[in-house]
Amino acid sequence: MAIRHPAIASKAAKAAKAARVAKARRHAAEGKNTVETPLSKSFTDPRDVLLKPVVSEKSYALLDENKYTFIVAPGANKTQIKQAVQAVFDVKVTGVNTINRQGKRKRTKTGFGQRAGSKRAIVTLAEGDRIDIFGGPTA
């Protein structure tokens, strides 16, 4: 949504914004949490966030840098991924990078199709922590 310059905004929009700001200030003063995560966007189990590890040559090369690659739920954000890895594997996560990969376009006899896209996360662990499911170097 584009933000209009105050001089262009209608009187109703200015009044609505003033009401929102006043409500946010009132809630902050009362100590209420104004941001509630809807149930549809929350993950009840950390294993719902992490779908599976990525087993590839590139992901194994990252193991030397203490980085692990996972396919994650498309709706998961970096904070949720970090909390899920810490809960499931009992390690300290220092960073999370995410990648949205589009599915490859494939040709068939009847025309073109597309494979499903996926979201991947490269998780950096603290020094000394390891995840054993990858069977990486035992340094």
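Two residues are said to be in contact when heavy atoms of one lie within 4.5 Å of heavy atoms of the other, and the legends below use the word in that sense for a model that is predicted.

**View 1. The overall order of helices and strands.** The protein contains three helices and six strands, and from the N terminus on these elements follow one another as α-β-α-β-α-β-β-β-β. Of its 139 residues, 24% count as buried, while the accessible surface comes to about 10700 Å², with 52% of that area belonging to carbon and sulfur atoms. Among the contacts between residues at least 6 apart in sequence, 58% join residues that are at least 24 apart.

**View 2. Val85 and the nonpolar core.** Leaving aside residues up to four places away in sequence, Val85 touches Leu50, Phe70, Asp90, Val91, Val93, Val123, Leu125 and Ile131. Val85 is also one of the residues with the most contacts inside the largest nonpolar core, a set of 18 residues in which Leu50, Phe70, Ile81, Val123, Leu125 and Ile131 are likewise listed as having the most contacts. To this core β2, α3, β3 and β6 each supply at least two residues.

**View 3. The aromatic pair of Phe70 and Phe89.** A search of the whole structure finds one aromatic pair. Phe70 and Phe89 form this pair, which is stacked, with 5.8 Å from centre to centre and 25° between the planes. Phe70 is buried, with a relative accessible area of 2%, whereas Phe89 is partly exposed, with a relative accessible area of 23%.

**View 4. Strand β6 and the strands that pair with it.** Strand β6 (residues 118–125) has seven of its eight residues buried, and so this strand is largely enclosed by the rest of the structure. Strand β2 pairs with β6 in the antiparallel sense over six bridges, and within this pairing Ile71 stands opposite Arg120 of β6. Strand β3 (residues 93–101) also pairs with β6 in the antiparallel sense, here over eight bridges, and Asn97 stands opposite Ile122 of β6. In a regular strand the side chains alternate between the two faces of the sheet.

**View 5. Arg105 over the ring of Phe112.** The side chain of Arg105 lies over the face of Phe112, at 3.9 Å from the ring centre.

**View 6. Two loop residues with positive phi.** Asn66, which is found in the loop between α2 (57–62) and β2, has a phi near 65°, a positive value in a residue other than glycine. Asp90, which lies in the loop between α3 and β3, likewise has a positive phi, of about 55°, although it is not a glycine. The burial of these two residues can be read from their accessibility: Asn66 counts as buried at 13% relative accessibility, because the limit for a buried residue is under 20%, whereas Asp90 is exposed, with a relative accessible area of 69%.

Note on methods:
Residues numbered from 1 in each chain as written. Predicted model: local features only at pLDDT ≥ 70, side-chain atom pairs only at ≥ 80, totals over all residues. Heavy atoms only, no water. Phe/Tyr/Trp six-rings, centres within 6.5 Å; stacked < 30°, edge-to-face > 60°. Buried < 20%, exposed > 50% of the residue type's maximum accessible area, 1.4 Å probe, protein only. Lys NZ or Arg CZ within 6 Å of the ring centre and 35° of its normal. Helix = DSSP H or I, 4+ residues; strand = E, 2+ residues; numbered from the N terminus. Pairing = 2+ DSSP bridges. Core = buried A, V, L, I, M, F, W, Y, C linked by side-chain atoms within 4.5 Å. Areas by Shrake-Rupley, 256 points an atom, 1.4 Å probe, with all protein chains shown as cover.
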